Amino acid sequence: MSTVPVTTPVETDIEPPVSLWRDAWYRLRRNRLAVFGLIVVIILAFTAAFGPYLTPHDFLSQDLGARNLAPSMSHLFGTDDLGRDVFSRVVYGTRTAFLVAVVVTFIAVLIGVTLGAMAGFFGGLLDRIVMWLTDMTMSIPNLLLVVVINASLKSPIASWMESRYLATLNPIYRETVWVDFLLVFGSMALISWPPYARLVRAQVLSIRSRPYITAAQALGLTNRLILMRYVVPNALGPLIVAVSAGLGTAMVLESAFSFLGVGVNPPTPSWGNMISDGLRVWQHYPHLLAAPAAILGLASVAFSFLGDGLNDALNPRGAK
Amino acid sequence: MMMANDFRPEPATNTGERLLDVKGLTIEIDTRRGPATVVDGIDLHVDKGETLGIVGESGCGKSLTMLSLMRLLPNKIKVTKGEANFAGRDLQKLSNAELRKVRGGEVGFIFQDPMTSLNPVMRIGQQLAEPLIYHRGMTKAQARKRAGELLRLVGIPGPDERLDAYPHELSGGMRQRVMIAIGLACNPQLLIADEPTTALDVTIQAQIVDLVKELRDKLGMSVVWITHDLALIAGLVDRINVLYAGTVVEDAPVDALFANPSHPYTQGLLASIPKLTDERSARLSSIGGTPPEPGRRPKGCPFAPRCPLVEQICRDRVPSLEGIGQAGAHRVACFVAQRKLEAA
């Protein structure tokens, strides 16, 4: 029988177990496309937050002596038909796109998670009502609904604001930009929440029957507490994936609506209305179309890469 | 142990005072073919400081009965009759808010599967602190300190570091200890353990039984231990109720039950426990047949179709629990056993 050499140091450090999130982060980092998406998203977010302080020109100032200039060092993406710097407008457009995407997704997730979680957790009549609502909303063509809302509400609100201004002379009624945004946020959130509600409901239905929920009930915790601390956190993985993909979708949606003229109104720069403007003159000035379209494409691709990467990272069983 | 003073110092002795008194509790499942009775007018009671073992095969209504006490039954299963008095209140009639105070605050639960009974995304310290903050109004810091003490109490090494662990970082036995700690967090008067060792391996099972025994003696609470393993709880419980098809068929002090099992079902259960002294070639004995389906209960004694001693009366009438032996402490619901005693 051999003897164990007593001098051999015994490895006593056991590697600390990794948490779900650290493990997911590790897998995400090894996915090149996801890392690319993440980097682009971070750059875009940074641009949206601080871009206006970095651009060389103001996005509104017109220089009629310098119209439709080709890209150059002083105007990176050239200038448009009013002599405005396209680069600055794209940067501001990023801000619009992010603002709309984040706010719309936030509202949609808030509505979707609340309704979906309650429907799944409590079941019964509440569940049926919520599912009716979701199915009903999903059955209406998105674009049509937003067009109808914007087309029918915009002018009455504008004229109401005008009359309020004339009656009160309060300058707050002259500021129409935020009404514009409010309509866009509202109508887009209205069509965006059902997928979140369905996703969360399905998650909650499976989580609800897990033993730790019964255990939490046996501890005498309130339903609200159980929902917030036990059910929703366990449903978070798929939700994060959906949100990441949803942000990209919301950006594209905003551009689509602005392109159609029912989104953000000029002069507020939006990729969509820049594309729409550029489309009319692209044979002569292709850069006016190319710049906003390329950025929109990049943003959309980046979000979907990131979403896919997160999906693989958070659901390791589905990944290769 | 240094924190022993935090707990109620009463010794665990049976004072004869009823803590839990269940009368005629009937539970039905809604099926497509109509309601089916799973628990049929069950009577059981637990005295202060007493440990009751509930034994029976799968599907006999052990867990449902205990879950129904706390109104934790799944959607389609309902209590249709009977009452469950706990410390003088009918649990079935409490408001939801009152019931929540009883859950966790006065009655602790330990569940079967420690692997899935802890919230996987919450650190165990938080899960322990939750009932303390909610029921006892502790601050987060107080609750965390107490959570550490509880982990030490249930014998988890390095308790203060373990507070920040997630459930998946602990072994099954450790998780069951955490479950016990959570169940005991608010010093409940009654601890209901629903097959807490079924998912654990044999050596850990014994540790958990010993732990509960030790804690019961230290904290002076009553315990209801549900199991299908008679041998496991022989050293733990004071009294055993044998359940069959949703009724108590035998109720006896643990010694009396092992010395003189009177119901043919109990006899069958005991005979099916393998013994070291058995012939190696001997086959394990088993009870032929299966329990009645909830929707198709026989008219008479539910055990009659499987009973080796069955008589005509058993098929016609349902026997009630009648005292046999001294002072009625040993009761059995079997015509044959009751008559045998009268004759003796």
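In which helix of chain A is the place of Ser88(A)? Ser88(A) sits in α3 of chain A, which spans residues 86-122; helices are DSSP runs of H or I of at least four residues, strands are runs of E of at least two, and both are numbered from the N terminus.

The model is predicted, so local features need pLDDT of at least 70 and side-chain atom pairs count only at pLDDT 80 or more, while totals for chains, interfaces and linings use all residues. Residues are numbered from 1 along each chain as its sequence is written, and chains are lettered from A and ligands numbered from 1 in the order in which they are written.

View 1. Ser88(A) counts as buried because it has 24 C-beta neighbours inside 10 Å. The cut-offs are 20 or more other C-beta atoms within 10 Å for buried, 12 or fewer for exposed, and partly exposed in between, with C-beta atoms placed from the backbone. Pro52(A) is 36 residues from Ser88(A) in sequence, and their C-alpha atoms are 7.6 Å apart.

**View 2. Contacts of chain A with chain B.** Here 18 residues of chain A are in contact with 25 residues of chain B (contact: C-beta atoms, placed from the backbone, within 7 Å). On the chain A side, α7 (211-218) and α8 (223-234) each supply at least two residues. The most comes from α7(A), with six residues. By class, this side of chain A has nine nonpolar, seven polar and two charged residues. Ala, Val, Leu, Ile, Met, Phe, Trp, Tyr, Cys and Pro count as nonpolar, Asp, Glu, Lys and Arg as charged, and the others, Gly among them, as polar. The model scores ipTM 0.80 and pTM 0.73.

**View 3. Chain B, with 12 helices and 12 strands.** Of the residues of chain B, 46% count as buried. The mean pLDDT of chain B is 83, and 92% of its residues reach 70 or more; pLDDT is the predictor's confidence in each residue, from 0 to 100. Over residues 1-12 of chain B the pLDDT is below 50, and this stretch has 16 contacts in the model beyond near neighbours in sequence.

**View 4. Domain 1 (2-237) and domain 2 (247-343) of chain B.** The bounds come from an automatic or database domain assignment. The domain centres, taken over C-alpha atoms, are separated by 28 Å. In chain B, 19 residues of domain 1 are in contact with 12 residues of domain 2. On the domain 1 side, β1 (18-31), β2 (34-47) and α8 (230-233) of chain B give two or more residues. The largest share, eight residues, comes from β2(B). By class, this side of domain 1 has 11 nonpolar, four polar and four charged residues.

**View 5. An open antiparallel sheet in chain B.** Four strands of chain B lie in the order β2-β1-β4-β5; two strands pair if DSSP finds at least two bridges between them. At the edges, β2 and β5 (89-90) of chain B each have a single partner strand, so one side of each is left without a neighbour in the sheet. Eight bridges join β1(B) to β4 (residues 77-86) of chain B. Leu20(B) stands opposite Phe86(B) in β4(B).

Notes:
Two residues are in contact if their C-beta atoms, placed from the backbone, lie within 7 Å.
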